Amino acid sequence: MVCAICAAVTAALAAFAAVNPFHLRWGGPATAVLVGLTIALVTAAAAVVPRRRANRIVTAVLGALVLVGWCAAAIVGLRFSGPQRDVTTVAAGNYRLVVVEGHAFVDTVYSVHLRRGSGPLEQDSLVWQGLAEGAPPAQVRFQGDPAADQQVEVVAGPGCGYRSRYDSLTLAVDPVHRPLRLDGC
């Protein structure tokens, strides 16, 4: 009974982390860990239900296989995002626009993130995602007062600017720009 209640609580926390309404930076890894914990707790709760020992063993083995599959998928997913490093930061008040260099397989990919806060409650929202082998944006800036105007601009190249608005509470960005070609906007 205790395992079932704990499984329900971790499932609710995993769902919250997956939705990530406040764009917390740790949302992805937290979701992976909470789903794995939920699978383990559901397996433990389900393994004690059958009366026959053979059924308990089959339930535990099936749960362990699902958990191993989930762990493999989570590790591949988290590793697929690759290492990232902050290249430049433009700060205005509590907000920061950060140009991030990441890797898609062997290609370098640049993106721009809007961040606020620090530590476990740091928020992070994607504003602009470049293409593989593309150049970093020429300029990133806030339009007016970050707290009042809530607008950011990414200048990818000459005559190629992208503007987005963001919500000051959730840090949701609208629209998130993803250019389709390297040679244009």
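**Close-up 1. The cysteine C71 and its accessibility in a predicted model.** With a relative accessibility of 36%, C71 counts as partly exposed, a class that lies between buried (under 20% relative accessible area) and exposed (over 50%), computed with a 1.4 Å probe on protein chains only. C71 takes part in no disulfide, and the nearest cysteine sulfur, that of C3, is 17 Å away. The model is predicted, so that local features need pLDDT of at least 70 and side-chain atom pairs count only at pLDDT 80 or more, whereas totals for chains, interfaces and linings use all residues. Residues are numbered from 1 along each chain as its sequence is written, and side-chain values use heavy atoms, with hydrogens and water left out.

**Close-up 2. The cysteine C6.** The structure holds zero disulfides, a disulfide being a pair of cysteine sulfur atoms within 2.5 Å. For C6, which is in no disulfide, the nearest cysteine sulfur is that of C3, 6.5 Å away; C6 counts as partly exposed at 34% relative accessibility.

**Close-up 3. The residue T10 in helix α1.** T10 lies in helix α1 (residues 2-19), where helices are DSSP runs (H or I, at least four residues) numbered from the N terminus. At 9% relative accessibility T10 counts as buried, and, leaving aside residues up to four places away in sequence, T10 touches L34, L37, T38 and L41, contact meaning heavy atoms within 4.5 Å.

**Close-up 4. The contact of helices α2 and α3.** The axes of α2 (residues 27-47) and α3 (residues 53-80) come within 8 Å and cross at roughly 175 degrees, and the two helices are therefore roughly antiparallel to each other (angles over 145 degrees, on a scale from 0 to 180 degrees between N-to-C directions, with axes fitted to C-alpha atoms over the stretch in contact).

How values were computed: Parallel < 35°, antiparallel > 145°, perpendicular 65-115°, else oblique.
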